[in-house]
Amino acid sequence: MKAAYIQQTGPPECIVVGELPPPTPGPTEVLVRVTAAAVNPIDTYIRNGAHYWDLPRPFIVGCDLAGVVERVGERVRRFVPGDRVWGSNQGLLGRQGTFAEYCAVDECWLYPTPPGVDDQVVAALALVGITAHLGLFREAVLQPGQTIGVRGGTGGVGSVVIQMAKLAGGRVIATGGSAAKVARCRELGADAAVNYRTEDLASALRQFAPDGVDVFWETLREPDFDEIVGYLAERGKIVLMAGRDARPPFPVGPFYVKGCSLHGFVMFKASPDEQRVCAEDINRWLRERKLTANISHVLPLAEAARAHRLQEESTVHKSGEVAGKIVVLP
Ligand SMILES: NC(=O)c1ccc[n+]([C@@H]2O[C@H](COP(=O)([O-])OP(=O)(O)OC[C@H]3O[C@@H](n4cnc5c(N)ncnc54)[C@H](OP(=O)(O)O)[C@@H]3O)[C@@H](O)[C@H]2O)c1
């Protein structure tokens, strides 16, 4: 099968697109013929040698996938050949990734693709959709009428946070780095959107929520807690899911006197049952046409290295070139 893989970690050029033997599904695994995959920033950190865990060699990159069930292991109960499926959480914790024509995935990480929903859409929503759901509903427990500030409203995660927060009855203010990104935040449902390059976020937030926001979702890898705690209402919550190497100062007094809380998490440590709760809501909203993927680029598998470079340049080096998800087609 065709696959995008690395033999050793390093820059995007380490990715080889070539032939590998297709995987054989284990007893609880489903062999998926992959029709769409998507890039996430973590793919680039792993490829670059972050070494969160040992990698299989060769290591196929990628966490997200959509496709069609080709074959199932003898203990698989949820799926049969021909089913359309999507999923995430591959390429992590030592598992092989999804950037290939075929991928063997434990059935616990797969969900049915709703009829009429494009494979590119479910692939692009997979990891970021589960992340947004965990952060909003397991961590922040967002309530109808509450206010939320989303930094990075057109990003992979932020674009889903805006939509899900609106579906939960929240009032959303989001940031974008250009006029087009601000307009896109509004299209995704944000009640207010701020160009952080040309406008003052603090005053826009004060106008939007004079007593502070109930939740602030930080997507930056260098959070400034002095700034964020200043944005929060009494008992405000910060959702944090990026910046492993960040060691910023923390305003202890302002934080606890306001009764604030800080919610950090990684999606890949959520259990299969927790992730399925997210996926079922995602599927329901997709069926109801209330949720969409914010797709920025669609590239063939042969351009996997370019896809990684674009993602890395955008997320790590802040090029601004990507506005949402990069989908890769095997
Ligand atoms: N913990 C987890 O489970 C989990 C899950 C998913 C992602 N993550 C991490 O979360 C981070 C975001 O992921 P993602 O997929 O959403 O990445 P992304 O698509 O690259 O989005 C990053 C966002 O950051 C914004 N941004 C960059 N510089 C900014 C600045 N100076 N001020 C304000 N906004 C700025 C960008 O906005 P503009 O384009 O408008 O500049 C963009 O919307 C990554 O570090 C990723 O590794 C963690």
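**A chat about strands, a helix and a ligand shell**

Q: Which residue stands opposite Ala36?

A: Ala36 stands opposite Ala66, which lies in S5. Residue numbers start from 1 along each chain, in the order its sequence is written. Keep in mind that this is a predicted model, where local features need pLDDT of at least 70 and side-chain atom pairs count only at pLDDT 80 or more, while totals for chains, interfaces and linings use all residues.

Q: Thanks! How do S3 and S5 pair?

A: Strand S3 and strand S5 (residues 64–72) pair in the antiparallel sense, over eight bridges. Two strands pair if DSSP finds at least two bridges between them.

Q: What about S3 and S7, how many bridges there?

A: Five bridges join S3 to strand S7 (residues 102–106), and the two run antiparallel. One of the residues involved is Val30, whose bridge partner in S7 is Val105.

Q: And how many bridges are there between S3 and S16?

A: Two bridges, again in the antiparallel sense, pair S3 with strand S16 (residues 325–329). Here Ala37 stands opposite Val328.

Q: Is S3 mostly covered or uncovered?

A: S3 (residues 29–38) is mostly covered, with nine of its ten residues buried. Buried means that 20 or more other C-beta atoms lie within 10 Å of the residue's own; exposed means 12 or fewer, partly exposed is in between, and C-beta atoms are placed from the backbone.

Q: Let's zoom out. How many helices and strands does the protein have?

A: The protein has nine helices and 16 strands. These are DSSP runs numbered from the N terminus: helices are H or I with at least four residues, strands are E with at least two.

Q: How does the radius of gyration fit a compact globule?

A: A compact globule of 330 residues would have a radius of gyration near 20 Å, and the protein has 20 Å, which agrees. The radius is taken over C-alpha atoms, and the globule rule is 2.2 Å times the number of residues to the power 0.38. Of the 330 residues, 50% count as buried.

Q: Which strands form the open sheet with S1?

A: The open sheet has the order S2-S1-S4, with antiparallel pairing. Its edge strands are S2 (16–19) and S4 (59–60), each pairing on one side only. Two bridges join S1 (residues 2–6) to S4, and Tyr5 stands opposite Ile60 in S4.

Q: New topic: which residues of H4 are buried?

A: In helix H4 (residues 179–187), Lys181, Val182, Arg184 and Cys185 are buried. They lie on the same side of H4 because they cover an arc of only 160 degrees around the axis. That arc is the one of the directions from the helix axis to the C-beta atoms.

Q: What do those buried residues of H4 pack against?

A: They pack against helix H3 (156–167), strand S10 (171–176) and strand S11 (192–195). Contact here means C-beta atoms, placed from the backbone, within 7 Å of each other. The face of H4 turned away from the buried side carries the exposed residues Ala179 and Ala180.

Q: Last one: which residues come nearest to the ligand?

A: Of the 31 residues around the ligand, Gly152, Gly155, Gly156, Gly177 and Met241 come nearest. A residue is near a molecule or strand if its C-beta atom, placed from the backbone, lies within 6 Å of it. The shell divides into 13 nonpolar, 14 polar and four charged residues. Ala, Val, Leu, Ile, Met, Phe, Trp, Tyr, Cys and Pro count as nonpolar, Asp, Glu, Lys and Arg as charged, and the others, Gly among them, as polar.

Methods:
Contact = placed C-beta atoms within 7 Å.
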